[in-house]
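Here is a short report on how the parts of one model meet. Look at the sequence and structure first.

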Amino acid sequence: MSVAKPLPHDAARLHVTGTARYIDDIPVPAGCLHLAFGLSPVARGRLTHVDLAAVRAAPGVALVLTAADLVRPADCSPSAHDEPLLAEDEVHYAGQPIFLVAADSHLAARKAAALAQIDISPLPAILSISDALAANSRFEDGPRIYGRGDPDAELATAEIVTEGEIEIGGQEHFYLESQAALALPQEGGDMIVHSSSQHPTEIQHKVADALGVPMHGVRVEVRRMGGGFGGKESQGNALAIACAVVAQMTDRPAKMRYDRDDDFTITGKRHDFRIAYKVGHDAQGKISALVFEQFCRCGWSMDLSLPVADRAMLHADNAYWLEHVRITSHRLKTNTQSATAFRGFGGPQGMVGIERVLDHVAHVVGRDGTAVRKCNFYGAPADRSDQGALPPGGAAASPQSISAKAIYNGTRTPYGMEVTDFILDDLVARLESSSAYAERRQAVAAFNAQNAVIKKGLALSPVKFGISFTLTHLNQAGALVHVYQDGSIHLNHGGTEMGQGLFQKVAQVAASRFGVGLEAVKITATDTAKVPNTSATAASSGSDLNGMAVRAACDTIRDRIAVFLAERTQSDPTDIVFADGMVRVGGLEMPFAQAAKEAWMGRVSLSATGFYKTPDIVWDRIRGTGRPFYYFAYGAAVTEVAIDTLTGENRILRADILHDAGASLNPALDIGQVEGGYVQGAGWLTMEELVWDQTGRLRTHAPSTYKIPAASDTPDIFNVSLYDTPNAADTIYRSKAVGEPPLMLGISALLALSDACAACGPCYPALDAPATPERILAAVARARGALP
Amino acid sequence: MTKTHVSLTVNGEKKDVLVDPRELLIHTLREQMDITGPHIGCETSHCGACTVDLDGKSVKSCTMFTVQAEGADVTTIEGLGSPDGLHVLQEAFKENHGLQCGYCTPGMITRAHRLLQENPNPTEEEVRFGMAGNLCRCTGYQNIVKSVLAAASEMNSAKEAAE
């Protein structure tokens with residue numbers, strides 16, 4: 001069987017030779033126009049005068065459009081119809097497109113765009129979380145509140161109450177391939193669009209809407225993206241629409257790719273958050289009550305902010321039993337880029353909040369952070385009958401009985417979902433042992449006792465991440481499989497390839513169902529004309545959903561071949577075996593290719609669609625109750641760091657990870673996701689800093705000012721293993737989703753830095769993210785009591 | 001604007017092009033020569049997706065004017081090997097999963113190729129610092145470093161066998 005094998009990425013041979021095609025590599029027909037946007041330099045204001053004469057007169061310019069020139073309004077929003085392609089009367093953020101230039105080259109279009117004379121009468125801009133709160137500028141009528149129990153009453157009687165607040169910065173996706181699209185006009189007004197998008201169906205939908213044609217008039221194809229990370233879920237809409245509109249108006253092909261600076265300036269990023277907390281706990285660090293207030297900066301348009309903020313609430317528990325809890329979420333509207341999907345989709349911010357709480361609580365009670373975490377873990381499934389009951393003796397039970405292992409902890413999340421697959425007790429125990437956590441904890445303490453300037457820190461943090469789209473209807477997928485008369489197989493499904501290896505994993509499923517080698521399976525570009533009405537490749541759901549849909553399609557064809565061959569041999573079709581390139585039934589044995597040929601000769605259809613919808617999920621996002629997730633994916637990381645207390649400089653010295661990918665479909669690709677996710681998560685929380693100036697302009701708009709991890713920034717020692725146990729839920733070959741969860745392993749890097757800062761003095765360092773050298777110096781000062 | 005005539009060698013082939021004085025080498029390669037292996041990532045010399053080899057040095061082709069390449073000998077990823085005949089480094093990146101989305105890969109391998117000529121037997125740390133000018137957003141670099149070290153070891157054994 002092909003599944004479970006550590007095979008290379010399906011396009012590896014093309015990638016290493018530079019022959020894999022991205023949008024910008026596709027040869028374009030003659031007469032192709034190249035597009036660029038003219039952007040607002042002002043965060044908020046009224047357009048008073050737009051003079052584009054010089055733009056129109058610039059060399060090579062064919063067409064210049066403002067909102068008024070559009071035949072019909074073009075909207076780019078994935079949710080609320082609040083993102084006009086081009087600003088109408090008001091601009092809402094610095095970077096918003098105001099006009100569109102089409103020229104005979106990319107450079108000509110960009111040069112021309114710089115010649116515009118635009119007068120904007122500025123209006124007061126709402127830039128920060130504080131600005132938005134003061135102006136009550138928000139999405140939805142008020143905050144969303146999820147919770148259970150009576151946290152206020154429990155806080156009033158808690159042995160210790162700890163309070164604090166953390167600022168968590170946003171993150172630029174920095175996919176190496178910037179956003180790009182190419183529109184090719186067809187006969188009769190039809191349009192073909194190539195887009196670097198995680199969501200071809202949305203591109204099709206939005207382009208059709210902008211062109212005023214039914215969706216059947218638009219075909220969208222996505223072979224691959226040069227990275228996505230959530231940044232190509234909705235942010236590619238504007239380019240695809242712009243290209244299609246220009247192509248429709250001129251009947252010429254149109255291509256657009258953002259220059260990197262434009263990409264930073266125009267597109268949305270990870271939401272930055274402020275999370276305030278008040279936690280009641282005992283002297284062992286066992287939490288009795290917790291109140292969170294999450295403030296989420298959404299930017300100028302609604303985009304995907306509501307489900308992102310929901311997911312932050314749904315991960316405010318991470319791996320911990322919170323009996324009395326309230327989570328209040330404020331979705332704040334600001335005059336900045338539209339914060340959008342980014343790997344983890346709010347989950348990482350929610351998880352940083354609770355991990356910060358545990359870090360703070362452990363510091364207050366003077367215990368090791370891992371011990372405090374473990375005593376707050378969800379109860380093991382076997383203890384479910386003890387739903388949240390206090391240990392014998394009630395609240396006065398001895399600390400030992402509580403701290404050893406919180407077997408009396410409940411198993412129900414704050415939103416009412418049973419956690420039936422909790423494996424972190426075992427997973428964390430294994431990681432503590434493999435990473436020599438206890439010994440290294442002592443070694444770090446000994447090092448810190450002897451060194452005044454360099455301080456080390458060590459931290460373990462777990463991940464429990466819910467798998468499924470929280471918008472229940474998105475949990476569906478389709479596939480299309482053809483078997484040709486020579487036994488070769490054409491595979492198509494709704495998932496998109498952005499480097500994660502989805503295509504290879506799904507091809508491994510198809511090859512396994514037919515019992516053939518992977519060379520028999522042709523992986524083909526995602527195409528809205530082959531599989532319609534797909535969901536975005538997002539929420540880590542790609543292989544879960546599309547793997548199942550492909551399995552269904554393959555099995556339909558298998559069953560038809562089985563019935564046909566069994567009839568010939570007077571045997572039971574269910575006895576048929578597809579393995580090792582052969583088909584065996586009732587004493588008959590033949591190569592798969594021959595079976596395909598004979599079935600074709602026998603007038604058997606060898607083409608089938610497949611469909612899958614995730615079972616058992618129900619979710620009420622307003623009440624905050626139900627079972628939003630089919631299952632959870634788990635993992636844990638131990639990170640060791642060193643900081644220089646004079647400069648704030650820091651390094652990750654070592655990282656040890658044990659991650660749960662269920663029964664992995666492809667361990668090599670999954671480990672790649674884990675390593676990449678950890679480094680991206682650690683980058684978010686340590687070195688990647690977005691800076692907007694006081695007028696709302698993003699000043700970190702290129703790699704010169706925005707630093708993502710380089711090869712020299714990754715841990716010197718980096719041990720990554722998979723927790724190789726089948727998924728309890730009935731997923732494709734019992735594998736688990738692996739796209740997003742590992743990003744949150746990077747939280748251990750922030751916690752390790754906090755631990756190092758805490759080694760500098762008696763006070764809690766309250767380290768904010770990203771933990772840049774400046775913030776580390778401030779945290780060191782706080783630890784020493786020199787800063788409030 | 002007057003165009004300038006430039007002669008250079010690309011992947012062993014003599015090329016004559018007419019370029020604008022301020023045309024960047026990456027644009028000449030991609031748009032005039034259809035050499036699309038080197039990618040455009042940032043156009044400010046930071047990401048390394050456009051890395052080519054020029055007269056024995058790794059060069060970010062997005063921050064060099066084509067006119068500066070007059071008479072130069074340029075090697076791109078296409079000059080290292082082909083899908084049917086992979087270079088040792090290309091094979092190593094494929095087998096060691098040194099790529100995910102693949103966008104950085106051509107520049108990464110081109111840089112690694114030069115690094116291994118500058119230092120045929122690098123330590124892991126030397127690889128990490130030697131490759132630090134090429135960004136990858138997907139892999140966390142672990143498998144990239146592994147790929148470069150595997151190729152170095154393979155190339156060294158081949159050299160020993162030949163001696």
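## Terms and model

Buried area is the accessible area, found with a 1.4 Å probe, that two parts lose on being put together, summed over both. The model is predicted.

## Two domains in chain B

Chain B splits into domain 1 (4-79) and domain 2 (88-162). Their centres, taken over C-alpha atoms, are 22 Å apart. In chain B, 18 residues of domain 1 contact 12 residues of domain 2. About 1,200 Å² is buried between these domains of chain B, and carbon and sulfur atoms give 52% of that area.

One salt bridge links the two domains of chain B. Arg114(B) forms a salt bridge with Asp53(B), with the closest N and O atoms 2.8 Å apart. Nine residue pairs are in polar contact between the domains of chain B. On the domain 1 side, β3 (51-54) and β4 (57-60) of chain B give two or more residues. That side of domain 1 divides into five nonpolar, 10 polar and three charged residues.

## Chain B against chain A

Here 47 residues of chain B touch 51 residues of chain A. The buried area is about 4,000 Å², with 58% from carbon and sulfur atoms. On the chain B side, Gln100(B), Tyr103(B) and Arg137(B) lose the most area to chain A, together 20% of what that side buries.

Four salt bridges are counted between the chains. Glu688(A) forms a salt bridge with Arg137(B), the closest N and O atoms lying 2.7 Å apart. Polar contacts join 21 residue pairs between chain B and chain A. α2(B) gives the most to the chain B side, with four residues. That side of chain B holds 21 nonpolar, 18 polar and eight charged residues.

Note on methods:
Residues numbered from 1 in each chain as written. Chains lettered and ligands numbered in written order. Predicted model: local features only at pLDDT ≥ 70, side-chain atom pairs only at ≥ 80, totals over all residues. Heavy atoms only, no water. Domains from an automatic or database assignment. Contact = heavy atoms within 4.5 Å. Salt bridge = Lys/Arg side-chain N within 4 Å of Asp/Glu carboxyl O. Polar contact = N/O pair within 3.5 Å; in protein donor to acceptor, adjacent residues only side chain to side chain. Nonpolar A, V, L, I, M, F, W, Y, C, P; charged D, E, K, R; others polar.
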